[in-house]
Amino acid sequence: MKKTAIAHANMAFIKYWGKKNLELNIPANGSISVNLDNLKSLTTVEFVEGLKKDEVTINGQKEVGEESRVSKHLDRIRKLSGIDLKARVVSENNYPTAGGLASSGSGFAALSVAASAAAGLKLTEQELSILARQGSGSAARSISDGIAEWLAGDTNEESYAYSLYPADYWDISAVVAVVSSEEKKIKSTQGHGLVESSPFYAVRLSEMSKKIEEMKEILARRDFTAFGELLEAEALNMHAVMLTSKPALVYWRGGTVEVMHRVRKWRQEGLESYFTIDAGPQPVLFCENKDVEDLVSRLKQIDMVKDVVVNKPGEGARLIEEHLF
Ligand code: DP6
């Protein structure tokens, strides 16, 4: 059976940085994110009789070796379903891989939905989130619709995301300012392992539960100013840990810092937007929909900004009928 799924990248308001369990991607703290409707992965999977090894093509390039992250994930699905066949997998992202836009999140969410269906499994949303999480932590959140909370949990069964609000809950946009297309040198997975080397990590961790509650309370009343202030402070807090890890993780480029300053200046001028940044150089600016046009035209005037991608909150991962092969 051939199955295809679509999943969106997600951007965290409250971030996942540091794991309790490196093998299972059980995070040290809970997190909250929104799916981005214009950043997506499409993945087709078919388990094929007679195939000697998994054949995986991502963005037109063949991945080799039984040990690839994708093959490992397929092993989880083979174990759950009892299927013994190797699979053909073709996946396409409509945005650069490993550029700090959580491509692993949308990729493993789409792979989990497509591969489990191709193996004949009928998993619940919670089971899919648990499965996707084991491929890449943030993928747990791309399974759910709109705005999702990932409950950290302590065990495999307790650590999953669920939808807090559907995609149409709030008229906000997430505007990605692409400032660099270089692949990052240290992937998030390695970065998570360095948190304990930062003297600030323990302080960060001690405040996370309170921050999650505060964000949930702000989301419930759709208070954009309070949301933006917490969003920005949280991103800077995570980057303080990154910058003080050993080795230090400096994900920002010149354009990143330029956009951060501009956003703050524009706020003084009355254009309300706030930035967040993941483990990469691209700032993602949140604004209310009424301000998108103004924000985009200002961003386009900055030389260091190479591209601008406007997103609305997106749906969760789901099966679709068109296949990639
Ligand atoms: C900075 O989910 O990419 O984007 O679980 O090792 O695959 P692995 O890490 P990953 O980490 C994402 C970290 C982040 C923050 C976030 O998305 O919450």
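**Entry 1: ground rules**

I am working with a predicted model, in which local features need pLDDT of at least 70 and side-chain atom pairs count only at pLDDT 80 or more, while totals for chains, interfaces and linings use all residues. I number residues from 1 along each chain as its sequence is written, and the side-chain values use heavy atoms, with hydrogens and water left out.

The helices (H or I, at least four residues) and strands (E, at least two) I name are DSSP runs, numbered from the N terminus.

**Entry 2: helix H9**

I began with H9, residues 292-300. Which residues of H9 are buried? I found Val292, Leu295, Val296 and Leu299. Buried means under 20% relative accessible area, exposed over 50%, and partly exposed in between, using a 1.4 Å probe and protein chains only.

These four lie on the same side of H9, because they cover an arc of only 95° around the axis. The arc is taken from the directions from the helix axis to the C-beta atoms. I also noted a rule for this: an α-helix has 3.6 residues a turn, so residues three or four places apart point the same way.

Next I looked up what covers the buried residues of H9, and the list includes strand E10 (172-178), helix H8 (254-268), strand E11 (273-277), strand E12 (283-288) and strand E13 (307-311). Contact here means heavy atoms within 4.5 Å.

A reminder to myself: two packed helices are described by the angle between their axes and the distance between the axes. The axes are lines fitted to C-alpha atoms, for helices over the stretch in contact, and the angles run from 0 to 180 degrees between N-to-C directions.

H1 (residues 69-81) and H3 (residues 125-135) pack at about 150°, with axes 9 Å apart. That angle makes H1 roughly antiparallel to H3. The cut-offs are under 35 degrees for roughly parallel, over 145 for roughly antiparallel, 65 to 115 for roughly perpendicular, and oblique for the rest.

The crossing of H1 and H3 is right-handed. A crossing is left-handed if the near helix is turned anticlockwise from the far one by less than a right angle, and right-handed if clockwise.

From H1, I listed Arg69, His73, Arg76, Ile77 and Leu80, which meet Leu131, Ala132, Gln134 and Gly135 in H3. By class, this contact has four nonpolar, three polar and two charged residues. Ala, Val, Leu, Ile, Met, Phe, Trp, Tyr, Cys and Pro count as nonpolar, Asp, Glu, Lys and Arg as charged, and the others, Gly among them, as polar.

I then checked how enclosed H3 is: eight of its eleven residues are buried, so H3 is largely enclosed by the rest of the structure. Among the buried ones are Leu128, Ser129 and Ile130.

The axes of H6 and H7 come within 11 Å and cross at roughly 160°. H6 and H7 are therefore roughly antiparallel to each other. Their crossing is left-handed. The contact includes Tyr201, Met208 and Leu219 of H6 and Phe227, Leu230 and Val241 of H7. Its residues divide into eleven nonpolar, one polar and five charged.

In the loop between H6 (201-221) and H7, I found Arg222. Its phi is near 45°, a positive value in a residue other than glycine. Is Arg222 buried or partly exposed? Arg222 counts as partly exposed, at 42% relative accessibility. Leaving aside neighbours within four places in sequence, Arg222 is in contact with Tyr169 and Trp170.

Asn25 sits in the loop between strand E2 (19-21) and strand E3 (26-27). Asn25 also has a positive phi, about 55°, although it is not a glycine. At 6% relative accessibility, Asn25 counts as buried.

Pro247 belongs to the loop between H7 (224-243) and H8. The peptide bond from Lys246 to Pro247 is cis, with omega near -5°.

Pro313 is in the loop between E13 and strand E14 (318-320). Pro313 is buried, at 16% relative accessible area. Not counting residues up to four places away in sequence, Pro313 touches Val34, Asn35, Asp37, Ala167, Trp170 and Ile172.

**Entry 3: Glu46**

My last stop was Glu46, in strand E4 (residues 31-48). Glu46 counts as partly exposed, at 22% relative accessibility. How far apart are Glu46 and Phe325 in sequence and in space? They are 279 residues apart in sequence and 9.5 Å apart in space, C-alpha to C-alpha. Phe325 is one of the residues that Glu46 touches.
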